[in-house]
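Hello,

Here is the structure I promised to pass on to you. Have a look at it first, and then read on for what turned up in it.

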Amino acid sequence: MAEQQSKSNVKNGVIKLEQSPKKSWSKNTIVYGSFFLAISLVIFSSIRFHRDSDQYHNFLHGRTSDAPIIQPIVNKSISNIQEEIRSQLENVTVKKFQSIPALPSDKNESVSSRGSSCLQWNSKAWLEGSRLGNSQDSFVTDQLAIDTILGTTPTTFDEKDLIPTVLQQSLCDENSRFLQFTADEGVDEKNIEAWTMRLMYLAFHLNQHRPAVKEAIARSSLPEQCREELNKHKVGRFDFECPDRKFLVVTMGKLGLGAVMRLGAVNALLAGVATNRTVLFVNNGPKKGPKFIRDPWIHSSCDRGDFQCFFAPITPCVVREKELENIHVLERSEQRKLFKNGNVPAEHEEKRIIGVDIVLRPQRTPATLRKNMFKLIMEFIDELRQTKALYSNSETLERTAKLVLQEDPEDPLRPYNYFGARSKVHHAATFYAMRPKAFYAKKLQTAMQAIFPKDFDPNRSLGLPIRASDKCISESECLSFGQVRLSCTPNFCLVCLILVSLKHN
């Protein structure tokens, strides 16, 4: 029964996004977020120690300023906002993000002479060379791969809205506030807050996926021919050259998962938007590449030895192994300037690939981050207005775009704090970085359906995380799940008193 219900909600490998009335953002997010993250970490940990499972290996494939820069702007039209942004940034040089990459030049040995070929935008060197390909997830169809990329270009939507396709790839449960929305929700604070997260998440998706749009359009126009050509050149369905894009190459560090995500992956994604470069996560890289990308990721659970054993590819862009052999790796002083000013050193700006061996510690928010994120979002909204999408005249999106430029306020009364705790940008980047592969997203959904009763009401429930992992070695004293259950009595545990109260009220 559960399996039938699960299958009915899936189309082309994508969980169907149902529209529903508004729900409380804070309660739903806390409850579903806590349970969903806990389950994902259990699955993530279990597969790491069962890497020899035959069933698992069927789905694994090897690889062939602290201070605001712009003053808050409120109660102004979008055109006025754009004009004021131009005025405030007139002394800052920012290269416009190219929505669709140009045709590769002759020096790239383009094979565009084929005309109708779906690989017309790819160079001979890329097609015939050894590439750091993305993982091949059996649950990702050709159409889903294309839709994930075209979801960054509203002018390709036609009558099909691809925004839900992009958002639902996050770790969020299908009933969470992040996913439950209508295009023209009423303008209130809860909707504005929710759309702020969605647009920031979309900004990271744009920066990572839009360079592949031209290739995706070519592939979607000739699906049968493309499959033959892709197989001939051993190009995966989610492998794209992105020939005119520049990259930052980073590695997943050697600390715990949470620290690596917050201090490594998130900071890398912020740096990518700030420098107008797409980020590549590389572990277990080519032996002739820089030393910091050669080692497998300590949390990997498959032969790839990297981030993609469990998580979705961070970008469809794929580079050749040879391109990584002689890249410049930023010195510590250059890295500090990048996170302060948001710029790659001038002498290295024209290089296609820059290596960043990120130090896993809190970093400054790059000075160019918010204005670049605002540009990405405004280009996206402007394109929405040119389509038949329901979002075209959404006042909510316009008001939300203004908030992207504002720094998140500090909360001196917050009893528990950590780096980025109040930052929506950090939260959106975490949402994006922790997108599970489609195969594991399906497993998570199945687990959620089995755990929660049919009458489960998230508005009358609490999520209680149970600490584990390396923190139990020396930093804290950790109880087992059984010990936690035994200690939860009305006379001993305040949390249980709250739960009992909610149950009877």
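Ser 220 is found in helix H9, where helices (H or I, at least four residues) and strands (E, at least two) are DSSP runs, numbered from the N terminus. With a relative accessible area of 36%, Ser 220 is partly exposed; buried means under 20% relative accessible area, exposed over 50%, and partly exposed in between (1.4 Å probe, protein chains only). A polar atom of the Ser 220 side chain lies 2.8 Å from the backbone oxygen of Ile 217. Ser 220 and Ile 146 are 74 residues apart in sequence, but their C-alpha atoms are 6.9 Å apart in space.

Before you go further, please keep in mind that this is a predicted model: local features need pLDDT of at least 70, side-chain atom pairs count only at pLDDT 80 or more, and totals for chains, interfaces and linings use all residues. Residues are numbered from 1 along each chain as its sequence is written, and side-chain values use heavy atoms, with hydrogens and water left out.

Back to H9 and its partner. Two packed helices are described by the angle between their axes and the distance between the axes. The axes of H9 (residues 213-221) and H10 come within 5 Å and cross at roughly 115°. Here axes are lines fitted to C-alpha atoms, for helices over the stretch in contact, and angles run from 0 to 180 degrees between N-to-C directions. H9 and H10 are therefore roughly perpendicular to each other (angles under 35 degrees count as roughly parallel, over 145 as roughly antiparallel, 65 to 115 as roughly perpendicular and the rest as oblique). On the H9 side, Ala 218, Arg 219, Ser 220 and Ser 221 meet Pro 223, Cys 226 and Leu 230 of H10, contact meaning heavy atoms within 4.5 Å. The residues of this contact divide into 4 nonpolar, 2 polar and 1 charged; Ala, Val, Leu, Ile, Met, Phe, Trp, Tyr, Cys and Pro count as nonpolar, Asp, Glu, Lys and Arg as charged, and the others, Gly among them, as polar.

Now for the charged pairs. The structure holds 10 salt bridges, each a side-chain nitrogen of Lys or Arg within 4 Å of a carboxyl oxygen of Asp or Glu. Three of them are described here:

- Asp 142 pairs with Arg 227, with the closest N and O atoms 2.7 Å apart. This pair links distant parts of the chain, Asp 142 being in helix H6 (residues 142-150) and Arg 227 in helix H10 (residues 223-232), 85 residues apart. Asp 142 is partly exposed at 33% relative accessibility, and Arg 227 is partly exposed at 22%.
- Lys 246 pairs with Glu 350, with the closest N and O atoms 3.6 Å apart. Lys 246 sits in the loop between H10 and strand S3 (247-250), while Glu 350 is in the loop between helix H12 (332-341) and S6, 104 residues apart. Glu 350 counts as exposed, at 60% relative accessibility.
- Arg 352 pairs with Glu 323, with the closest N and O atoms 2.5 Å apart. Arg 352 is in the loop between H12 and S6, and Glu 323 is in the loop between strand S4 (278-281) and strand S5 (328-329), 29 residues apart. Arg 352 is partly exposed, with a relative accessible area of 22%.

You will find Thr 368 in the loop between strand S6 (353-355) and helix H13 (369-385), and it is buried, with a relative accessible area of 6%. Its side chain reaches the backbone oxygen of Gly 342 at 3.2 Å. Leaving aside neighbours within four places in sequence, Thr 368 is in contact with Ala 274, Asn 341, Gly 342 and Asn 343.

Lastly, a backbone detail. Cys 242, in the loop between H10 and S3, has a phi near 50°, a positive value in a residue other than glycine. Cys 242 is buried, with a relative accessible area of 0%.

Best wishes

Key. Polar contact = N/O pair within 3.5 Å; in protein donor to acceptor, adjacent residues only side chain to side chain.
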